[in-house]
Number of protein chains: 2
Amino acid sequence: MPTNRKVVLKSHPKGPVSRSNFDMVSEETAALGAGQVCVKVGHLSIDAFIRTTLDGGGFHQSAKLGGVVPALGVGTVVESTDGSLAIGDIVTGPLCSQEYAVLPAAMCAKVDTALAAPTAFLGALSIATGLTSYVGMKYVARITGGETVVVSGAAGAVGSLAGQVARLLGAGCVIGIAGGAAKCAFLVDELGFDAAVDYKAGDVSAQLAAIAPHGVDVFYDNVGGDVLDAVLMNLAVEARVVLCGAVSQYENMADVRGPKNYLKIAERDASLLGFTIFHYPDKHAEATTAMAEWLSSGKLVVREHVEQGLENFPAAVRALLDGGNTGKFLLRVS
Amino acid sequence: MPTNRKVVLKSHPKGPVSRSNFDMVSEETAALGAGQVCVKVGHLSIDAFIRTTLDGGGFHQSAKLGGVVPALGVGTVVESTDGSLAIGDIVTGPLCSQEYAVLPAAMCAKVDTALAAPTAFLGALSIATGLTSYVGMKYVARITGGETVVVSGAAGAVGSLAGQVARLLGAGCVIGIAGGAAKCAFLVDELGFDAAVDYKAGDVSAQLAAIAPHGVDVFYDNVGGDVLDAVLMNLAVEARVVLCGAVSQYENMADVRGPKNYLKIAERDASLLGFTIFHYPDKHAEATTAMAEWLSSGKLVVREHVEQGLENFPAAVRALLDGGNTGKFLLRVS
């Protein structure tokens with residue numbers, strides 16, 4: 001078996017995560033058990049949820065001290081003891097922060113590279129990014145047409161797709177919230193958002209009130225904190241707030257700052273709708289088909305931000321949390 | 001016209017409201033304009049929303065400095081310039097903190113004292129209390145049967161009814177959260193709740209987990225703050241949190257403590273549903289009929305906490321906020 005280089009968690013971060021919380025180790029790749037595959041990792045998906053796994057209390061999983069860090073990836077099968085996957089197949093799955101992942105074949109999904117490039121299966125065609133955008137807008141927010149829709153983290157992987165999905169589902173006005181003039185220009189000029197609000201350029205609530213004086217019908221929140229509070233002040237009656245994530249809180253999950261303005265939800269007969277994509281298995285096929293069609297027809301614009309080298313995994317996670325990417329953040333491992 | 005004694009707002013409270021924020025004044029009752037009535041106030045309803053009107057930034061209305069304080073009441077028409085109401089009619093409406101209210105007849109509703117005693121129209125048959133309980137459980141929480149339902153402020157006017165309504169709509173298990181052993185005994189022994197959690201007797205989340213190990217399907221929240229956070233930790237998948245009020249926050253509306261555990265709403269595919277009863281005018285008749293039937297057949301148990309004298313209006317509001325009542329808090333004015 002080849003040598004496997006991996007990034008492991010050395011210590012739980014106290015506050016902001018840094019390179020010092022990780023170690024790089026090498027060891028012989030484990031031998032395969034029955035029904036397993038060895039996948040040579042091509043790209044890892046750098047997602048905000050990774051931060052929540054580092055404290056030992058993640059939403060869905062936690063990194064163990066001395067173990068690899070949960071991350072989705074795409075790669076090539078280099079060994080298999082399972083009839084469903086063959087050497088050379090391109091697969092996605094929870095490959096984690098390493099060069100070679102040995103895992104049950106059942107945890108991997110073979111991707112159809114005729115449909116899109118492999119990295120699309122970490123972005124527009126992935127469960128955690130593309131399908132989350134589609135299902136969140138169609139089945140949680142229930143966009144039916146004409147709504148004023150606001151998306152936070154709008155220049156990020158999920159946000160940039162969610163805003164475009166809202167428009168494709170018929171939203172009347174799509175507004176993105178992002179940090180800095182360059183990201184805001186990206187939203188309007190490249191993705192076709194109707195407007196953008198720069199949260200670094202002053203009062204978000206006032207900016208939003210000027211753009212959407214009749215209020216916000218749908219808010220798709222990836223950020224939480226001050227941004228969530230600012231949008232809550234601008235809800236229209238019967239508004240739906242889709243709770244997708246809260247990246248502003250992920251470095252301080254032991255003392256999350258709850259939304260101070262949550263009583264606006266009562267005052268405006270609105271609702272705050274939580275969801276996880278795993279709760280909608282019956283919508284995955286429809287979402288994949290729709291996203292693939294929009295992608296191939298050019299109706300969905302995708303930007304990838306790619307860093308190089310497994311050793312930069314800690315820096316990539318840090319950069320993501322600092323808003324250092326525009327579009328889908330990928331780490332090219334091999 | 002008779003002399004009108006009234007309690008007026010002298011100053012906006014800084015923190016906890018106290019008697020010093022009010023004055024008692026007397027003046028001749030105003031002459032009636034066209035379409036108006038003069039109502040001699042019988043009872044005032046002492047409700048938590050009153051506190052939100054005192055800062056100048058209430059949900060629906062604000063008390064003005066030097067003016068009477070918003071409050072619902074029931075009383076007798078003693079003069080009328082409107083054909084719809086006659087002298088001697090018993091009416092409810094926003095009579096406010098005074099002995100004689102002069103207001104448009106259209107803002108009053110004549111009550112049918114054959115249906116129930118006048119004070120019931122401030123409680124089980126009122127929009128702000130009884131109808132809020134019924135509509136919140138039936139049309140917001142959408143109780144269909146079998147649910148585990150938790151109500152906070154459960155010994156209060158809305159909570160005590162909301163828990164009983166949930167049971168009458170078919171909930172499988174109704175749990176009330178209240179402060180102190182006496183209130184908890186009232187919930188179980190007199191109202192027929194399945195269990196009660198005393199928030200003054202330790203960890204609410206742990207107590208709830210012991211009583212409802214499979215989680216909470218519906219939470220009807222009147223309290224906010226720590227109580228809301230404790231219940232959020234115990235949500236079942238697809239739980240509905242009905243946001244009716246937040247009495248724990250009403251003395252500090254400029255710096256509300258948002259729910260720290262709101263991300264559980266995402267993790268559990270749950271929802272936080274805001275509502276105001278004014279948003280459901282088409283359900284008022286149904287709710288009134290149902291509540292009146294349950295009341296007259298003895299299926300709804302009602303407890304009234306009655307204080308005496310308009311001069312005790314400030315003390316009554318203070319006592320309500322301190323949890324000093326069990327059941328509907330009324331102030332007998334005449």
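What rotation and what shift along its axis superpose chain B on chain A? In this predicted model, in which local features need pLDDT of at least 70, side-chain atom pairs count only at pLDDT 80 or more, and totals for chains, interfaces and linings use all residues, the rotation is 180 degrees and the shift 0.0 Å, with an RMSD of 0.0 Å (least-squares superposition on the C-alpha atoms of residues with pLDDT of at least 70 in both copies). This is the relation of a two-fold axis, and the same surface serves both copies, since 100% of the contact residues of chain B recur in chain A. Residues are numbered from 1 along each chain as its sequence is written, and chains are lettered from A and ligands numbered from 1 in the order in which they are written.

Strand β13 of chain A is joined to β13(B) by 3 bridges, the two running antiparallel (strands pair if DSSP finds at least two bridges between them), and A:Leu272 stands opposite B:Leu272. Of the residues of chain B, B:Gly258 comes closest to the rotation axis, its C-alpha lying at 2.1 Å.

Terms used:
Two residues are in contact if their C-beta atoms, placed from the backbone, lie within 7 Å. Helices (H or I, at least four residues) and strands (E, at least two) are DSSP runs, numbered from the N terminus.
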